[in-house]
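Dear colleague,

I am passing a structure on to you with this email, and I would be glad if you could look through it alongside my notes. Please open it first and keep it beside you while you read.

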Amino acid sequence: MDQRVISNIPEEYHVEEPIPASEPERQEFFIRLCRNYVETNRAQGRQLTYAIVTFGCQMNANDSDRMRGLLERIGYVEAPEKEADLVIFNTCTVRENANTRLYGHLGQLKPRKRENRNFMIGLCGCMMQEPSVVAKINASYAFVDFIFGTFNLHRLPEILFARLQENKRMIEVLPKPMEHVEIRGAKRKYAFKSGLNIMYGCNNFCTYCIVPYVRGRERSRIPEDILRDAGNLVADGVTEIMLLGQNVNSYGTNFITENQVFTSGQEIDIYKTSGILAENPDYGFPELLDDVCQIPGLVRVRFMTSHPKDLTDKLIRVIKKNPKVCRHIHLPVQSGSTEILRRMNRRYTKEQYLALVDRIRTELPEVSLTTDIMIGFPGETEEDFQDTLDVVRKAQYDQAYTFIYSRRTGTPAAEMEQVPEDVVKDRFDRLLALVTEISHKRCGRFEGQVMTALVEERSEQNPEYLTARMEYNLVVHFHGGDELIGKYVRVKLTETRGFYYTGELIEVL
Ligand code: 5AD
Ligand code: SF4
């Protein structure tokens, strides 16, 4: 895809001290400068507030937590979107409807510029990596204050400061990761659980998918950095960690080191900084998962997402021997038709996928399997669709996220012949009926049993109930006090209600 750097971040700021050239000192410097601005407002009786609106996947949620950490260090206080002085949209572009939702949201915000002279809007995330989107925002949403992309999150304080000083719109979108900079001090939504990036980007180039273009090539973090972060999270009260990557099973193919300038074609001598890799050059995801499980105080480990083409038997063995690894595997199938899978560039067949499901179920009989399925990929016939239904029946998913194929400009599938909308809609409805029927049956399999669950929050639908999550990623609602939030409990699953249970508290662990 054609990408370009758009930047009007001024080189020189009107500041007295020299600006540090390297990170993370530069980030810290601009946090301090922005803090002056927030403190000046506070001295005048006005506490500035922010909200981050997150679209899309776990990666974005994790990035948003890091941005919240940065803004809190600047002195901003979190507030509901409707009241905040600064609203940042962390966008997703995996399907067209995510883009449409952003434009809808932006339209509604315009009047707030008139009502509040401090009001600012920032845009970031995957959608901003598309030059056509930035061009459209420039042309039609001129009230947006600043834009940045997925490769320069750590520059938020600098971009914010530049916007405040120059009083004009700031845009900085990098076409690829120029350097890798960690952000300290993320603000998590939950005190007791956290995502942890083990890698960035994706190299798979599934033909429908825009992610490799907007998140760049696959980059794995060295094990020492991940284990250090995991240890710090546990020291900070976290008991459940979800290891995150677009395809965790290919962890270890390309390593990065912290602050290492990353230019294509440049060989990075990772062995100088990683003793673990020096000792074991074949270190991959199974080894990492095993090592993370050894961290004392950590109770649960999850991971997301697995590509079926490289989920190995070694990984299944590591899961089996480590009770800390939650019995839940998200294994996106996308389609059950070998021909469609070939055209999607998924690199497995229907039979290989089902054989993998069998191996997983033999070794981990109690496991919950979930998946992503796409309907209406170009050229999909009724026969292909029947193959998808067949896989759904055989794999017996606990949950399946179903999507209508969305044409993404710049991807190979966008050039292929599209399936008519009414045909797609009809197939989608039939698929949804089947996955719902199966998942209701599957999810009810523990009815009447007593299970361990981690209490996450008060239920949004019914505040009398607490919501707790079992390792199988199934949720139970039961009566209890706020003091239980963050604790592991034993709950009797009295009744199944489709996707969740209602239950009774038996014991606090
Ligand atoms: N259209 C519809 N769904 C898509 N996904 C990825 N790209 C597209 C697209 N162009 C789905 C896949 C993936 C999930 C995160 O989003 O099913 O697994
Ligand atoms: Fe997209 Fe495929 Fe990479 Fe997943 S594995 S992010 S679907 S290209």
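Below is what was found, going from the whole chain down to single residues.

First, some reading conventions: this is a predicted model, in which local features need pLDDT of at least 70 and side-chain atom pairs count only at pLDDT 80 or more, while totals for chains, interfaces and linings use all residues. Residues are numbered from 1 along each chain as its sequence is written, chains are lettered from A and ligands numbered from 1 in the order in which they are written, and side-chain values use heavy atoms, with hydrogens and water left out.

The chain has 14 helices and 21 strands, where helices (H or I, at least four residues) and strands (E, at least two) are DSSP runs numbered from the N terminus. Its radius of gyration is 24 Å, close to the 23 Å that the globule rule gives for 509 residues, so the chain is as compact as a globular protein of that length; the radius is taken over C-alpha atoms, and the rule is 2.2 Å times the number of residues to the power 0.38. Along its principal axes, the C-alpha trace spans about 65 × 55 × 55 Å. Of the 509 residues, 56% count as buried, a word that stands for under 20% relative accessible area, with exposed meaning over 50% and partly exposed in between (1.4 Å probe, protein chains only). Among contacts (heavy atoms within 4.5 Å) between residues at least 6 apart in sequence, 74% join residues at least 24 apart.

The largest nonpolar core has 71 residues, and those with the most contacts inside it are Leu243, Phe285, Leu289, Ile329 and Ile360. Such a core is a set of buried Ala, Val, Leu, Ile, Met, Phe, Trp, Tyr and Cys residues joined through side-chain atoms within 4.5 Å. Helix 14 gives the largest share of this core, six residues. Another core, of 30 residues, lies apart from it, and includes Phe30, Val38, Leu71 and Phe148.

How many salt bridges does a search of the whole structure find? The search finds 44, each being a side-chain nitrogen of Lys or Arg within 4 Å of a carboxyl oxygen of Asp or Glu. One of them joins the side chains of glutamate 158 and arginine 155 (3.2 Å, N to O), and both of these residues are buried. Another links aspartate 225 with arginine 228, whose closest N and O atoms are 3.5 Å apart; because the two are three residues apart in helix 7 (residues 223–235), about one helical turn separates them. Here aspartate 225 is buried at 10% relative accessibility, whereas arginine 228 is partly exposed at 37%.

Ligand 2 has a shell of residues near it (those with a heavy atom within 4 Å), including Cys202, Phe205, Gln246, His307 and Arg346. The shell divides into seven nonpolar, three polar and one charged, where Ala, Val, Leu, Ile, Met, Phe, Trp, Tyr, Cys and Pro count as nonpolar, Asp, Glu, Lys and Arg as charged, and the others, Gly among them, as polar.

Finally, asparagine 62 is found in helix 2 (residues 58–74) and is buried, with a relative accessible area of 11%. Not counting residues up to four places away in sequence, asparagine 62 touches Gly195, Leu196, Asn197 and Leu244.

With kind regards
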